[in-house]
Amino acid sequence: MTTEEFNNQLLGFHDKLNYYAIRLTANKDNARDLLQETYLRAFSCKEQFANETNLIAWTFTIMRNTFINNYRKASQKRVIFDSTKDLFFLNQNKDILNITPDSEFRTKEINKAIETLEDVYKVPFRLYTQGYKYREIAQMLGIKEGTVKSRIFFARKKLSEKLEDYY
């Protein structure tokens, strides 16, 4: 495929690529940026395209990977600038900010419901809610990872039945 044929075919997919970009970003401006970056990468990587393959699928893959990479970069760069004296906002406990009497009551009710669970379900569930990974819980309790997952699943199921009135 010549460079001119490649460019013409690629530009012929503009509407489909634009629609896909809007679906990924949910924002027209970000979609335009993603589309532009996709075109740039596709044109610059033309030599890597195998003539026997599907050009639009190749381009969609470039767009999806570009979107994912940009998302990861953006999530890593989220920095909070605190211009208050003594860094008040950064040092403030975020959990305390949103406590209402209603949420405090619900938290107590949920904790009561968790305490009514059998230890077989309660212990893995508590460890999971404290931030431990399935693998870590399995090692601590000396059971298989699949068993941990199923016990946490059943704990959630039992809790949802007990707390049905709160949903």
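1. Lys122, beyond the neighbours within four places in sequence, is in contact with Ile114, Glu115 and Leu117. The model is predicted, and the contacts should be read as such. Lys122 belongs to helix H8, which spans residues 119-129.

2. Lys122 counts as buried because its relative accessibility is 15%, under the 20% cut-off. The side chain of Lys122 has a polar contact with the side chain of Asp119, at 3.4 Å. Ala155 lies 33 residues away from Lys122 along the chain, yet their C-alpha atoms are separated by 6.9 Å.

3. On aromatic residues, the structure has nine pairs. In one of them, Phe6 and Trp58, the ring centres are 6.0 Å apart and the planes stand at 70°, so the pair is edge-to-face. This pair links distant parts of the chain: Phe6 is in helix H1 (residues 3-12) and Trp58 in helix H4 (residues 55-76), 52 residues apart. Both Phe6 and Trp58 are buried.

4. The rings of Phe153 and Phe154 are also edge-to-face, because their planes are at 70°; their centres are 5.4 Å apart. Phe153 counts as partly exposed, at 48% relative accessibility. Phe154 likewise counts as partly exposed, at 37%.

5. Phe6 and Trp58 also belong to a cluster linked by ring pairs, together with Tyr39, Phe43 and Phe49. Over the ring of Phe6 sits the charged end of Lys46, 5.6 Å from the ring centre.

Definitions and conventions. Residues numbered from 1 in each chain as written. Predicted model: local features only at pLDDT ≥ 70, side-chain atom pairs only at ≥ 80, totals over all residues. Heavy atoms only, no water. Helix = DSSP H or I, 4+ residues; strand = E, 2+ residues; numbered from the N terminus. Buried < 20%, exposed > 50% of the residue type's maximum accessible area, 1.4 Å probe, protein only. Contact = heavy atoms within 4.5 Å. Polar contact = N/O pair within 3.5 Å; in protein donor to acceptor, adjacent residues only side chain to side chain. Phe/Tyr/Trp six-rings, centres within 6.5 Å; stacked < 30°, edge-to-face > 60°. Lys NZ or Arg CZ within 6 Å of the ring centre and 35° of its normal.
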